[in-house]
Amino acid sequence: METVVSGIRSTGKLHLGNYYGAIKNFINMQDEYNCFFFIADLHSLTTHPTPENLHHNVKQVVVEYLAAGIDPEKATIYVQSDVPEVIELYLYLNMNAYVGELERATSFKDKVRANPNNVNAGLLTYPVLMAADILLHKATKVPVGKDQEQHLEMTRTFGNRFNRLYQHDYFPETFAFSYSDNLIKIPGLDGKGKMGKSEGDANCIYLSDKPEAIRKKVMRAVTDSGPTQEYQQKPVEIQNLFDLMTVVSTPDTVAHFDHLYNTCNIRYGDLKKQLAEDMVVATEPVRSRIEAIADDKAYISRVVNLGAEKARESARKTISDVREIIGFKPF
Ligand code: TYM
């Protein structure tokens, strides 16, 4: 059976981007593959969270994984820092990852631009740690959103380089995966880029948002004064609302509003009301389970302990192979 690995950083509440870009695929894949889904708490250290925040955020992601329907009986759910083997593999891969290629990674350049006062080495080698997460279990498929595509390319580069260096066919090739034809990119509410925590709270619909909060955020989304001629191309912020609608609403609903737009009969208030209601419905099954799971501390601890055990078993095997391939032999 093919192995699947993916993770989400512990930076707080999960949003629609995480859900449609990653989690929805996790849920479908758990029935078909040997799945490892983890909480990337080591990756989240690049932004220096306080110990309290870190712990709280790790728990939040575990709870939302479970609330969304990831089943610990089918998939291995673990916390990245519970599997220290990944740090060892990260070190080995770092020896063959070149500073120039790491500096050219789009995500690194974006982070440097956004926060020039915190360009730490962890940020530079972020894709190496990510490759270590994936190669640790010799995964071949990685369900992620569009923004992670380049990191998957780098994972293939590092894995292939290791294989070539040691003339060994050890690591398999790994590819980004989505059940949809293309990798998903969920836009933020402002139409200026992807939905993301660093893009601001007003831009994000969280899975835990109450219906009233969702309605408020959607109704505040920017629109224009409406089309002035039939079949006019939609401006970015309007296209954006339609893109979000394509994700949460039925094709008939999208076609209905598309027709109103194309015939200059659209009322943006109606479009946004419909979009908000469909978002409320789409998030309800997850939202309604979050609180009860969050209160069940014993269950959460059982899930992550069992996950750590299973993930370490797989990780130990890889590390033992890799040590031997590299030439670390007992005397
Ligand atoms: P993170 O926490 O930034 O994002 C987690 C997952 O959510 C997806 N995602 C989106 N998809 C579509 N549209 C959006 N607006 C959107 N925002 C986020 C991301 O593509 C991702 O799949 N580096 C990873 C965490 C990681 C990882 C790994 C993933 C660490 N090691 C190994 C896979 C395999 C990340 O950025 O997470």
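Which domains does the domain assignment of the protein give? The assignment gives domain 1 (3-177 + 296-326) and domain 2 (197-290), with bounds that come from an automatic or database domain assignment. The model is a predicted one, in which local features need pLDDT of at least 70 and side-chain atom pairs count only at pLDDT 80 or more, while totals for chains, interfaces and linings use all residues. Residues are numbered from 1 along each chain as its sequence is written.

The protein holds 13 helices and five strands; these are DSSP runs numbered from the N terminus, with helices being H or I of at least four residues and strands being E of at least two. The radius of gyration is 21 Å, close to the 20 Å from the globule rule for 331 residues, so the protein is as compact as a globular protein of that length. That radius is taken over C-alpha atoms, and the rule is 2.2 Å times the number of residues to the power 0.38. Along the principal axes, the C-alpha trace spans about 80 × 45 × 40 Å.

Of the 331 residues, 40% count as buried (20 or more other C-beta atoms within 10 Å of the residue's own; exposed means 12 or fewer, partly exposed in between; C-beta atoms are placed from the backbone). Among contacts with a separation of 6 or more, 78% join residues 24 or more positions apart, a contact being two C-beta atoms, placed from the backbone, within 7 Å.

The C-alpha centres of domain 1 and domain 2 are 32 Å apart. Where they meet, 13 residues of domain 1 are in contact with eleven residues of domain 2. On the domain 1 side, the elements that give two or more residues are helix H1 (16-29) and helix H2 (51-68). H2 gives the most, with four residues. The residues of this side divide into eight nonpolar, three polar and two charged (nonpolar: Ala, Val, Leu, Ile, Met, Phe, Trp, Tyr, Cys and Pro; charged: Asp, Glu, Lys and Arg; polar: the others, Gly among them).

The largest nonpolar core has 85 residues, of which Phe-37, Val-62, Ile-70, Ile-77, Ala-131 and Ala-132 touch the most other members. Leaving out residues up to four places away in sequence, Ile-70 touches Phe-26, Ile-27, Gln-30, Phe-37, Tyr-65, Ala-75 and Ile-77.

Technical notes: Core = buried A, V, L, I, M, F, W, Y, C linked by C-beta atoms within 7 Å.
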